[in-house]
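Colleague: I have a model open and would like some practice in reading side-chain features. Could you walk me through it?

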Amino acid sequence: MARPKSASHDLKREEILDVAAQCFARQSFPAASMNDIATACGTSKARLYHYYESKEAILFDLLDRYTQRLLALIGEGEAHAQRQNLSEREALHALVRAFLAEYESSATRHVALVSDTKFLGDTQRELILNRQRDVVAAFTRFIKRAYPGRVTPANQTALTMMLFGMINWTFTWLRPGGPMSYAAFADEVVAVLEQGLGG
């Protein structure tokens, strides 16, 4: 009979994933080893294998949880907008702020998403890519509703990717405690949207 998982099992996994994301961001996924991750966790490689059978399994769990979190933010954004009776523009602006708040606390996980998805097996990679496509499609819907007079079938992809271009690479330059906070940057992104698409 299988031994039941301890109550702290998931918590331990989250800790491992946080450390692994830091290792992947610092060393790159190919260069980081299970031994490196175990050492950074302050545990043995044998103990790490108790939780994950391989480095690839760690990467998939990391990206699986992170992309589910991003999709949850979209659902939460829709619900928040409805509860608060927000305008379509306010709903989009709130979503931008929510994503940037998430990026602030998940920078190394985001690095893994944009840099390391390619190292997954075919089935796992397609699952993660499909979730990313779902996120993009949701943002496109929010933008179309927010700026119906500006967004057309011809430019909607370009405008959506322009927005992601502004927010998706903050991990390369926007540092917590730096001259601009993530919240202040979110205000700048909203201002660009309003002045560029709001007319």
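Predicted model: local features only at pLDDT ≥ 70, side-chain atom pairs only at ≥ 80, totals over all residues.

Colleague: Which residues lie nearest the centre of the largest pocket?

Modeller: A pocket is read through its lining. Here 13 residues line the largest pocket, and Gln132, Val135, Val136, Phe164 and Asn168 are the ones nearest its centre. Two or more lining residues come from each of α6 (107-116), α7 and α8. The largest share is that of α7, with 4 residues.

Colleague: How does the lining of the largest pocket divide into nonpolar, polar and charged residues?

Modeller: The lining has 9 nonpolar residues, 3 polar ones and 1 charged one.

Colleague: Now the rings. How many aromatic pairs does the structure hold?

Modeller: There are 7 aromatic pairs. To read one, look at the distance between ring centres and then at the angle between the planes; angles under 30 degrees count as stacked and those over 60 as edge-to-face, with the rest tilted. Take phenylalanine 139 and phenylalanine 164: their ring centres are 4.7 Å apart and their planes stand at 55°, so this pair is tilted. The pair links distant parts of the chain, with phenylalanine 139 in helix α7 (residues 122-146) and phenylalanine 164 in helix α8 (residues 156-167), 25 residues apart.

Colleague: Are phenylalanine 139 and phenylalanine 164 buried or exposed?

Modeller: Both are buried. They also belong to one aromatic cluster, which Phe139 and Phe164 form together with Phe99 and Tyr103.

Colleague: Which charged groups sit over rings?

Modeller: For this, look for a Lys or Arg charge above a ring face. Lysine 55 places its charged end over the ring of phenylalanine 29, 4.5 Å from the ring centre. Another case is arginine 145, which lies over the face of phenylalanine 142 at 4.9 Å from the ring centre.

Colleague: Last topic, cysteines. How many disulfides does the structure hold?

Modeller: The count is 0. The check is whether two cysteine sulfur atoms come within 2.5 Å.

Technical notes:
Residues numbered from 1 in each chain as written. Heavy atoms only, no water. Phe/Tyr/Trp six-rings, centres within 6.5 Å; stacked < 30°, edge-to-face > 60°. Buried < 20%, exposed > 50% of the residue type's maximum accessible area, 1.4 Å probe, protein only. Lys NZ or Arg CZ within 6 Å of the ring centre and 35° of its normal. 1 Å grid on protein atoms, 1.4 Å probe; cavity = no way out; pocket = protein on both sides within 12 Å on 5 of 7 lines; lining within 4 Å. Nonpolar A, V, L, I, M, F, W, Y, C, P; charged D, E, K, R; others polar.
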